[in-house]
Amino acid sequence: MTKDSRAPTDSSNDLPVYDSARLGIPFFSEAKALWEYRHLVRELIARDVTVRYKRSVLGVVWTMLNPLLNMVALTVVFSVILRQGIEHFPVYFLGGMLFWNFFAQSTGHAASLSVDAAETTRRIYVPRSVFVVAAVGVGLVNLVLSIVPLLLIVAVTGHPFHATWLFLPVAVLLGAMFCTGVGLVIFTLASRFVDVRETYMTLLTPWFFLTPIVYEPSLVPEQYRWLVRWNPMTYLVEVFRAPIYNGWLPGHNTLAFAVVAAIASLVLGWAFYASRIEEYGRGA
Amino acid sequence: MAPEDPVRPPAIQLEGVTVRYRVAKEVVSSIKEYAIRRLQGRIEHDELVALRGVSLSVAPGDRVGVIGPNGAGKSTMMKVIARVCRPTEGRVVVRGRVAPLLQLGIGFHSELSGRENVVLQGTLLGRSRAEMESRMEAIAGFAEIEGFLDAPVRTYSTGMGARLAFATATDVDPDVLLIDEMLAVGDERFVAKCHERMSGFRERGKTFFLVTHSLLQVEKTCHRAIWLLDGEVVADGEPKDVCERYREWARSGADAPRRPIEDREGLE
């Protein structure tokens, strides 16, 4: 079982060799496996996007229509009925909402894909993380598509376009890292328990209201502000919205918290996923 | 077991492989219930040993058939070799490209076209899109669905779907074929075609690892039979002898497996 017991012929003819004793630490070996299966990630994203847009002609339009309708309804509620008085509320709201949707959809989709993953990996070896990364990838495609209605709203409301939009890729990257980490945890739990997706979806609603999307953080009474302050999504949403809505780059502190949240989520999520790897393929 | 050939190392090698499952005494599939039980300290596990220190070595070009009753550890052995499950103890080495011909049609998506499914299926098996596209004509030709390649798979008949799955999975140049049960799909003519393709692999000296309940199939296609019982190898040798002993044991009936458990596959 030593490392040197590998026969010399293996390297001379380039047969792929699977050796269960040489897999190494799951945290790293799983990352390597994910990289080897990156083509599969692309195909899984293509599959989900194609299926979604094939099912109905309205597919693409719906992705754009959905946030528009949402936005119109919430604008009526929050700026006409509740009179919050946020200037250009539609832009403020949509900026946050698109990012939230990206987060909620991709992590929820990761949970759904655990069924697919279980079915596939019952007999074929595939690193399961490909499904989580694919879920985030599908979320990214939808996020990019939903930039179109955002542009429309910005134009209609007469909100100025800022050069700070160029910062958005950084915000999206941080978001993708955060989503992948959370998605890995949800996915891993969903691979073991049947009600994870449903439970998670229920928890998402209060989480949404703890994130300043339909309100400004300054509106929160001081004694409850810690709730918003300890919520990583507060910073990630702000990093995405500030360049669109305020026309400035996120502050140092906000950005620092967002970066820490993204990295912590990714590393911890990956560690949790990798720690359960031994369980796979075995009975419950 | 043949002594190790220094020039051609074994295609499949198992060294003291033990696989243990932890099975909850009561199946808790709800995370909420699990959390509550966990807090109360009411989670108990049974241990189920699917393979007990199995060692074996399969030379390249060998055709091995694994037989045994349900719960003997056949599926687990296949899973360890297919890399789907890691051994709890021991070591598994598989040399060469592996083509798992198991549960054909995994990952086929009914809304996608045949073409899209072939590419997806290929990438699941570790091949690239370009590789699959260059083989598309041949695959569709073998499956006899040329005219329907761009139609969604939900419009296919069962036979068409199965043929496409078989054509995709076998359109490789594998070194090791893992085969679960009979691979017969479609009508008689297509079954003949499948057999022809399989004999092609046989003639080219591919390693076969077959798990089956069909003793006849083992006697007909394999040079070596392994009888598993209760996670251990009971007999390993000439298919005729091993199958004969197995038949005798099965007829005697009284000597049922010590642990009458179901095949645990897929319980997750």
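## Strands β8 and β9 of chain B

In this predicted model, strand β8 (residues 224-229) of chain B pairs with β9(B) in the antiparallel sense, over five bridges. One residue pair can be named: B:Val233, in β9(B), is the bridge partner of B:Leu228.

Helix α9 (residues 239-252) of chain B packs on the sheet, where it touches β3 (63-67), β8 and β9 of chain B. The direction of helix α9 makes about 25° with that of β8(B).

## The sheet as a whole

The sheet is open and has six strands, in the order β5-β6-β7-β3-β8-β9 (chain B), and its pairing is mixed. Its edges are formed by β5 (98-101) and β9 (232-237) of chain B, each of which pairs on one side only. From one strand to the next, the twist averages 15°.

## Chain B overall

Chain B contains nine helices and nine strands. It has 268 residues, of which 41% count as buried. Among contacts in chain B with a separation of 6 or more, 74% are between residues 24 or more positions apart.

## Helix α7 of chain A

Helix α7 (residues 147-157) of chain A has buried residues at A:Pro149, A:Leu150, A:Ile153 and A:Val154. Viewed down the axis of α7(A), the buried residues fall within an arc of 140°, so they line one face of the helix. A:Leu151, A:Ala155 and A:Val156 lie on the other side of α7(A) and are exposed.

Directly following α7(A) is A:Gly158, which takes a positive phi of about 75°.

## A:Val49 in helix α3 of chain A

A:Val49 belongs to helix α3 (residues 38-55) of chain A. Is this residue buried, exposed or partly exposed? A:Val49 has 17 other C-beta atoms within 10 Å. A residue counts as buried at 20 or more such atoms and as exposed at 12 or fewer, so A:Val49 is partly exposed.

Which residues does A:Val49 contact, once its neighbours within four places in sequence are left aside? The contacts are with A:Val138 and A:Val141. A further pair involving A:Val49 is given by C-alpha atoms: those of A:Val49 and A:Gly137 are separated by 9.6 Å, while the two residues are 88 residues apart along the chain.

Methods
Residues numbered from 1 in each chain as written. Chains lettered and ligands numbered in written order. Predicted model: local features only at pLDDT ≥ 70, side-chain atom pairs only at ≥ 80, totals over all residues. Helix = DSSP H or I, 4+ residues; strand = E, 2+ residues; numbered from the N terminus. Contact = placed C-beta atoms within 7 Å. Arc of directions from axis to C-beta. Pairing = 2+ DSSP bridges. Axes fitted to C-alpha atoms, helices over the stretch in contact; angles between N-to-C directions.
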